[in-house]
Every structure is written in structure tokens, then in C-alpha cells.
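Please look over the sequence and the structure before reading on.

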Amino acid sequence: MKTIKLVLIVPMLLFAISCKKDNNKTAANSNISVDVAADLTVSSVASNSLGFASVADNISANAQAVSSAGNGQAVNSTAPNAVIRQTCGSTISDSLSFSGTTNAVSIDAFYKYSQTLNCNNDSPDNLANVITFHGTFDGPRLSSSVSGTSAVTISGLASSANNFTINGLYSRKGSFTSKVDAKSSGSSVVAITVTNVTLSKPGRVITGGSANITVSGTVPAGAFSFNSTLVFNGNNQATLTIGASVYIINLLNGTYTKQ
């Protein structure tokens with residue numbers, strides 16, 4: 001709003017400066033900065049911090065390795081010598097644990113999988129996955145101890161399908177320590193809803209899709225809560241939007257650039 005009264009200019013400038021500071025520190029009734037919220041969100045998505053991308057990769061690997069025991073048809077034509085044979089409608093379970101350091105992030109993780117093979121006219125159609133996991137990671141900006149669950153369905157199992165497609169939920173909770181803001185350490189809860197996330201065959205690279213993400217928790221200053229959207233761009237990249245802040249993230253190593 002324009003004004004010619006000089007006396008109003010200083011208060012308006014002060015108000016603008018105040019709003020700018022609030023956007024970084026107190027947006028969405030928060031007690032952490034938007035950048036720390038981005039750290040929590042990105043770690044919940046990236047592969048090397050027990051994020052959704054690691055779940056997507058693991059269940060798509062399972063999809064490529066499974067064949068229907070009823071007719072011997074491989075779920076994916078790129079896996080003619082599938083090592084797991086599963087009957088339509090049956091559920092099998094497996095677990096995976098690993099530790100190591102990737103891209104300056106050390107990780108110790110355990111996953112337990114339960115997958116049900118759903119068929120259409122005796123041909124594999126989709127795998128319904130229920131996953132529980134727990135572990136720790138320690139990176140340049142954040143360290144955390146988390147546990148969580150994921151209920152996701154991966155379709156596109158027919159050999160004629162060009163991509164796998166994942167829909168479902170991913171959630172986790174735990175403690176965290178920020179290495180960029182000493183006052184931003186506490187507990188967090190993350191909930192992710194993924195929609196039509198596509199992965200290439202046979203490379204299993206995420207090529208598209210979207211997600212809605214909620215990150216909430218507490219720090220010494222009080223509670224915080226942020227809502228964000230994520231668009232998967234392909235080439236192991238995604239665009240994260242938290243309010244007015246936009247980040248381009250690497251799904252493999254969890255690094256990002258703020259736009």
C-alpha cells in the first residue's frame with residue numbers, strides 16, 4: 001500500500017523486516033527455522049538416511065526378484081531367473097540390515113518387510129508392502145535415531161509396463177540433533193503420503209510423482225509443525241516446497257540447494 005506520509009515509512013520498514021525474520025524462524029507457529037525443518041524433511045526422503053527413497057528402492061528390487069509360482073511368470077521381464085517364487089494372494093516376509101558410510105553420512109539400519117502378491121487373471125499385478133524399520137544416521141547437518149513404518153503398494157509388475165508405480169504412506173519418529181542450530185535439537189514425527197511415484201525398469205530410478213509431507217515435534221523452545229510438498233523431478237532429484245522456501249534435493253545423498 002503506497003503512502004506519502006513520511007512518518008509511516010519507518011514503521012512499515014520495521015514491519016517488513018520483522019516479517020522477513022518471522023518467515024525464517026517462526027513460520028507455521030514454529031520454534032525452529034525453515035532450514036532445520038528442511039533438514040528433517042530431506043532426511044526423511046533421502047536414501048542414505050532411512051528415507052522413503054530407500055524404501056522405494058528396496059521394494060522395487062523385491063518386485064524385480066519375484067515371480068508367480070503358479071505359472072512361472074516373472075514379475076518383471078528383466079528378472080527371468082527370479083530367486084523368489086510367490087503364489088498369487090500369498091504373503092512372504094524378509095528382513096534387511098546394513099551399516100556403513102555414504103556421502104559423509106554414516107548409517108545403521110534394520111528393515112522388516114511383509115509383501116503380498118496380488119494377481120489379475122493369475123498374472124502378477126501388484127505387491128502390497130508393510131515395512132517396519134529402525135536405525136540411526138549421522139550426517140553433516142543432522143544426526144538422528146528413528147523408527148517407523150511404511151504401507152505402500154507397488155504396481156506395474158507386468159512385463160509390458162514401462163515403470164513401477166508406488167502409492168502409500170511412510171512415517172517415522174525419533175530424536176534428532178541439528179548441527180547447524182544448537183537450539184534445534186529434540187524430537188520429531190514425520191508423515192509422508194506418496195502419490196504415483198514412478199521408478200524406471202530395470203534401473204529403479206525415481207522418475208516422477210509427488211508427496212505431501214508433515215514434520216512436527218518439540219525442541220527446548222516449544223513445539224513446531226511444517227507442511228510441505230515434494231515433486232520428484234527424475235535424475236535422483238526432487239523439488240521441496242515449504243511455505244515460500246524452495247529446495248532442490250538429491251534423493252541419494254540428501255544434499256540440497258535453496259532457491
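The model is predicted. Its chain has 259 residues, of which 42% are buried. The secondary structure consists of three helices and 13 strands. Among contacts with a separation of 6 or more, 52% link residues 24 or more positions apart.

| Strand | Residues |
|---|---|
| β3 | residues 91-102 |
| β4 | residues 105-120 |
| β7 | residues 163-178 |

Strands β3 and β4 run antiparallel and are joined by twelve bridges. Within this pairing, Ser95 lies opposite Lys112 of β4. The two strands form a hairpin with two residues between them. In that hairpin, Asn103 has a positive phi near 50 degrees.

Thr165 belongs to strand β7. Is Thr165 buried or exposed? Its relative accessible area is 19%, and the cut-off for buried is under 20%, so Thr165 counts as buried. Leaving aside residues up to four places away in sequence, Thr165 touches Thr153, Ile154 and Ser155, and also Asn196, Val197 and Thr198.

As a general point on strands, side chains in a regular strand alternate between the two faces of the sheet.

Note on methods:
Residues numbered from 1 in each chain as written. Predicted model: local features only at pLDDT ≥ 70, side-chain atom pairs only at ≥ 80, totals over all residues. Heavy atoms only, no water. Pairing = 2+ DSSP bridges. Helix = DSSP H or I, 4+ residues; strand = E, 2+ residues; numbered from the N terminus. Buried < 20%, exposed > 50% of the residue type's maximum accessible area, 1.4 Å probe, protein only. Contact = heavy atoms within 4.5 Å.
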